[in-house]
Every structure is written in structure tokens, then in C-alpha cells.
Amino acid sequence: MTRAAGLVGAIALLGLTVCPWLASAIEPDPLPPSLAHVKRIYMEPLTGGATSDQMRDMIISALQNSKLFIVTDNQVRADATLRGSSDDKIFTEEHSTSESIGLHANAGGGGASNNSMGGGSSSHQTSGAGISDSESSHIQERRHEATASIRLVNEEGDIIWSTTQESSGGKYRGAMADVADKIVRQLMEDTRKARGGH
């Protein structure tokens with residue numbers, strides 16, 4: 001083997017051992033998880049009114065029932081974190097209405113005559129009618145309204161999903177439970193789309 005051939009062989013051998021290291025060194029860092037890759041979720045306490053802890057528990061329950069995500073209390077193990085705020089209001093709404101109907105009719109007539117013989121006659125006639133009716137009502141209605149604004153944040157702090165939901169209550173559930181259900185249904189729908197419909 002000539003010296004030149006030995007040098008080429010040594011360079012080739014060096015290339016085989018160094019290239020994999022170089023390839024791995026120039027590979028980009030793995031991207032933070034997108035919505036499609038989120039499977040394990042940690043949920044922070046919500047800010048807002050006194051019922052925000054109850055809203056958080058309802059969202060966690062809805063997430064577990066979805067079977068699409070794992071809910072963890074260990075934030076380090078989570079792919080993403082849900083955070084946000086909620087509010088729950090109970091108030092009285094007042095409605096006042098007033099209706100009235102009126103119908104009035106009047107008619108009248110009169111006449112008088114005199115002649116030179118000292119006789120005279122007179123007549124007078126009048127009539128009237130009236131209908132009047134009025135109705136008013138005052139209704140007080142107790143209302144319950146819940147709202148929540150939620151965002152899903154990856155490890156880098158980037159928001160990868162968000163939604164705002166509100167409800168006055170459904171036929172079979174209260175306002176807060178309805179909001180929690182709407183949030184999770186929206187998250188499930190968007191996650192399935194991000195995963196390609198699977």
C-alpha cells in the first residue's frame with residue numbers, strides 16, 4: 001500500500017467515526033409538543049371567583065372521562081399545562097310589562113222650535129260608551145351564568161391552544177358543569193383534528 005493510499009484510507013475511517021457525531025451535533029433540538037402530541041396534562045389552579053376550584057375539579061373530571069388525555073398532578077411529567085380563569089355569577093333579572101286597551105264612543109243630539117202661536121217643542125238625545133282595561137306584570141327571574149377562559153401551554157411557555165366558554169346552564173346540568181364539558185369537548189375536537197382525525 002502506498003503512503004497516499006494509506007492516507008486516503010485513514011481519512012475515510014476518520015469520516016466514518018466523526019460524521020455520525022457531526023450529524024447529531026447539527027440536528028435541531030426537538031420541538032416542544034404541539035397539540036397533536038399532548039397526552040399528559042397538568043392543570044393549574046384557576047384564578048377568578050370563589051368557585052374557581054370547583055370549576056377546576058369539573059374540568060379535570062371531564063378530561064378523565066374523555067379517555068383522550070392523562071391528567072397528572074406532577075407538572076414535570078406533563079406534556080402541557082392548562083391554566084386560566086373562571087367566574088360564576090348568580091343574579092336576578094327583572095322584566096316589567098304594561099298593556100292597556102281603551103275604547104270610548106259618545107253621541108248626542110238636540111233640537112228646539114217655537115211658533116207664533118206660543119207652542120214649542122224640544123228634544124234632546126245623548127248616549128255614551130266606554131271600555132278601559134290595563135294590565136301590568138313584574139317578573140323576577142333568578143339567573144346563573146358561568147364563564148371560563150382556558151389556555152394550554154407547553155414546556156416552553158408557548159400557548160398551543162385556548163378557548164373561552166360560557167353557559168347559563170343546560171337542561172340536565174348546571175352552568176359550571178356545562179362550561180367544563182364545553183371546554184373539554186372543544187379540546188378533544190381540536191386535538192383529534194391536529195392528530196389527523198384519529
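Which are the buried residues of α2?

1. Basis of the model. This is a predicted model, in which local features need pLDDT of at least 70 and side-chain atom pairs count only at pLDDT 80 or more, while totals for chains, interfaces and linings use all residues. Residues are numbered from 1 along each chain as its sequence is written, and side-chain values use heavy atoms, with hydrogens and water left out.

2. Overall fold. The protein chain holds three helices and six strands, taken as DSSP runs numbered from the N terminus (helices H or I, at least four residues; strands E, at least two). Their order along the sequence is α-β-β-α-β-β-β-β-α. Of the 198 residues, 24% are buried (under 20% relative accessible area, with exposed meaning over 50% and partly exposed in between; 1.4 Å probe, protein chains only).

3. Contacts. Among contacts (heavy atoms within 4.5 Å) with a separation of 6 or more, 70% join residues 24 or more positions apart.

4. Helix α2. The buried residues of α2 are Ser52, Met55, Arg56, Ile59, Ile60, Ala62, Leu63 and Ser66. Seen down the helix axis, these buried residues fall within an arc of 165 degrees, so they line one face of α2; the arc is that of the directions from the helix axis to the C-beta atoms. The end C-alpha atoms of α2 are 21 Å apart, which agrees with the 21 Å that its 15 residues should span at 1.5 Å a residue (1.5 Å times one less than the number of residues).

5. Serine 52. This residue of helix α2 is buried, with a relative accessible area of 7%. Beyond residues up to four places away in sequence, serine 52 touches Leu46, Thr47 and Ser86.

6. Lysine 67. Lysine 67 lies in the loop between α2 (52–66) and β3 (70–71). Although not a glycine, lysine 67 has a positive phi of about 65 degrees. Most residues other than glycine have a negative phi. Lysine 67 counts as exposed, at 71% relative accessibility.

7. Leaving aside neighbours within four places in sequence, the contacts of leucine 82 include Ile41, Met43, Ile59, Leu63, Ile150, Leu152 and Trp161.
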